[in-house]
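This report goes through one protein model, from its overall make-up to selected residues. The sequence and structure come next.

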Amino acid sequence: MSDSKNYIIAFQGHSGAYSEQACHETLPEAQTLPCETFDEAFEAVENGEATHAMIPIDNTLAGRVADVHHLLPTSKLRIIGEHYLSIGHALLGVEGATIDDIKTVYSHIHAIPQCRKFILESGYKKVIHADTAGAAKEVAELQDRSIAAIASPLAAEIYGLNILRQDIQDAEHNTTRFIILSSEPVNILGDNKKVKTSFIFRVKNAPAALYKALGCFADRDVQMTKLESYVGENFKVALFFTEINGHIEHGNVKEAFMALKDFTEDVKILGCYEAKL
C-alpha cells in the first residue's frame with residue numbers, strides 16, 4: 001500500500017476518533033474523511049469519494065462491532081488489510097481545568113465502562129456520547145471546567161483540550177482490531193507473508209451441515225481463527241463470518257473451499273490479506 005499520499009480513508013466518527021488514529025498509523029500520508037455512520041463510510045468508498053475505509057471490527061473488551069458485521073454480507077467492498085490499535089484513553093479538559101474541577105465525563109458507551117475504576121474512584125457523573133472524539137468536540141465547545149471527555153490524545157490536539165491524565169483505562173490489553181476496505185482486492189498471492197482469508201458462508205438446511213463444513217478445513221490442517229454466527233429469520237442461524245490462516249489459492253486451502261461447496265448454499269470471499277498477528 002505505497003503512495004498513501006494519494007489515498008483518502010473514510011472512517012466513522014469525528015476528527016480525532018481512534019479510527020482516525022488507526023488511519024494515521026497505517027497510512028500516515030493519506031487524507032482522512034470523517035463519516036457520521038459506518039454505512040456512510042462504506043458508501044464513501046463505493047461511490048469513489050474515498051479510496052479506503054478504516055473500520056473497527058473487534059475489541060478485546062467490548063467484543064465485536066455488531067453494526068459492521070451486519071454490513072459485510074451485502075457490501076461490495078473487499079478487505080485488503082488489518083490493523084491492531086492499542087487504546088489509551090485520556091481525560092481531556094478545557095484550558096485552566098484541573099482534575100479537581102471535573103464533575104462530569106462525556107464519552108462513548110464503550111469507553112466509559114473501559115474506565116470504570118477511574119470514574120468510580122473520582123466520583124464523576126457519566127454522560128454517554130455518540131463517539132469519543134465527538135465528546136471531546138462538545139467539551140471544547142462548552143468551555144465548562146467541570147466537564148471532561150474521555151477520548152484519545154489526538155482528539156485533545158485537534159480540539160485544543162488539555163490532557164489531565166493519560167491511560168485511565170482499566171485494562172492494559174484494550175485493543176481494537178480494524179479492517180481496511182477497498183473496492184478492489186489486494187494481490188498478495190506471490191508475497192512471502194502470513195496471509196489471512198475472511199469469508200462468509202451459508203450452510204445448507206441439512207443435518208450436521210455446519211459440522212461437515214468446518215470439517216473441510218480441519219481435515220486439511222487449515223487453521224480457523226474466527227467463527228461468528230448471524231441470527232437469521234425465525235432465529236435460525238445459517239450464516240457465518242469466518243477467518244482462516246492461508247490464501248484461497250494455496251493447495252490445502254483451495255481444496256478445503258472446493259469441499260465446502262457440498263455443505264453450503266453460498267460462500268462470499270471478503271478478502272485475502274497480510275495477517276498482522
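## Overall make-up

The protein has nine helices and 15 strands. The model is predicted. Along the principal axes, its C-alpha atoms fill a box of roughly 65 × 40 × 30 Å.

The chain has 277 residues, of which 49% count as buried. Where contacts join residues at least 6 apart in sequence, 74% of them are between residues at least 24 apart.

## Largest pocket

The largest pocket holds about 620 Å³ of space. Its lining is made up of 27 residues, and those closest to the pocket centre are Gln12, Phe38, Pro56, His108 and His110. By residue class, the lining divides into 11 nonpolar, 11 polar and five charged.

Several secondary-structure elements supply at least two lining residues each: helices H1 (18–26), H2 (38–46), H3 (66–71) and H4 (111–114), together with strands S3 (52–59), S4 (63–64) and S11 (175–182). Strand S3 gives the most, with three residues.

## Enclosed cavity

How many cavities of 30 Å³ or more does a search of the whole structure find? The search finds one. The volume of the largest cavity is about 30 Å³.

Phe42, Leu72, Ser75, Leu77, Ile79, Leu181, Lys268 and Leu270 line this cavity. Six of the lining residues are nonpolar, one is polar and one is charged.

His129 belongs to strand S8, which covers residues 125–129. The residue is buried, at 18% relative accessible area. Its side chain makes a polar contact of 2.8 Å with the side chain of Glu138. Setting aside residues up to four places away in sequence, His129 touches Tyr106, Ser107, His108, Ile109, Gly134, Ala135 and Glu138. One of these, His108, is also among the residues closest to the centre of the largest pocket.

Helix H6 spans residues 132–142. Asp131 caps the N-terminal end of H6, with a side-chain oxygen 3.1 Å from the backbone nitrogen of Ala133. The buried residues of H6 are Thr132, Ala133, Gly134, Ala135, Ala136, Val139 and Ala140. An α-helix has 3.6 residues a turn, so residues three or four places apart point the same way.

## Positive phi angles

Most residues other than glycine have a negative phi. Gln143, which follows H6, has a positive phi near 50°. This residue lies in the loop that leads from H6 to strand S9 (147–151).

Ala208 also has a positive phi, near 60°. Its place is in the loop between strand S12 (195–203) and helix H8 (209–218). Ala208 counts as partly exposed, at 42% relative accessibility.

## Tyr273 in strand S15

Tyr273 is located in strand S15, residues 264–274. Is Tyr273 buried or exposed? Tyr273 is buried, with a relative accessible area of 0%.

Beyond neighbours within four places in sequence, Tyr273 is in contact with Ile79, Ile80, Gly81, Glu82, Arg177, Val186, Ile188, Lys194, Val195, Lys196, Ser198 and Glu243. Ile79 is also one of the residues lining the largest cavity. The C-alpha atom of Tyr273 is separated by 8.6 Å from that of Pro185, although the two residues are 88 apart along the chain.

## Cysteines

Why does the model have no disulfides? A disulfide is a covalent bond between the sulfur atoms of two cysteines. The cut-off applied is 2.5 Å between sulfur atoms, and the count under this rule is zero.

For Cys35, the closest cysteine sulfur is that of Cys23, and the separation of 10.0 Å is too far for a bond. For Cys272, the closest cysteine sulfur is in Cys216, at 17 Å, and this too is too far for a bond. Cys35 is buried, with 8% relative accessible area. Cys272 counts as buried as well, at 9% relative accessibility.

Methods. Residues are numbered from 1 along each chain as its sequence is written. This is a predicted model: local features need pLDDT of at least 70, side-chain atom pairs count only at pLDDT 80 or more; totals for chains, interfaces and linings use all residues. Side-chain values use heavy atoms; hydrogens and water are left out. Buried means under 20% relative accessible area, exposed over 50%, partly exposed in between (1.4 Å probe, protein chains only). Helices (H or I, at least four residues) and strands (E, at least two) are DSSP runs, numbered from the N terminus. A polar contact is a pair of N or O atoms within 3.5 Å; within protein, one must be able to donate a hydrogen and the other to accept it, and residues adjacent in sequence count only if both atoms are side-chain atoms. Contact means heavy atoms within 4.5 Å. On a 1 Å grid over the protein atoms alone, a cavity is a set of points where a 1.4 Å probe fits but cannot get out, and a pocket is an open set with protein on both sides within 12 Å along at least five of seven lines; lining residues have an atom within 4 Å of a point. Grid points are joined across faces, edges and corners, and a volume is the space filled by probe spheres set on the points. Ala, Val, Leu, Ile, Met, Phe, Trp, Tyr, Cys and Pro count as nonpolar, Asp, Glu, Lys and Arg as charged, and the others, Gly among them, as polar.
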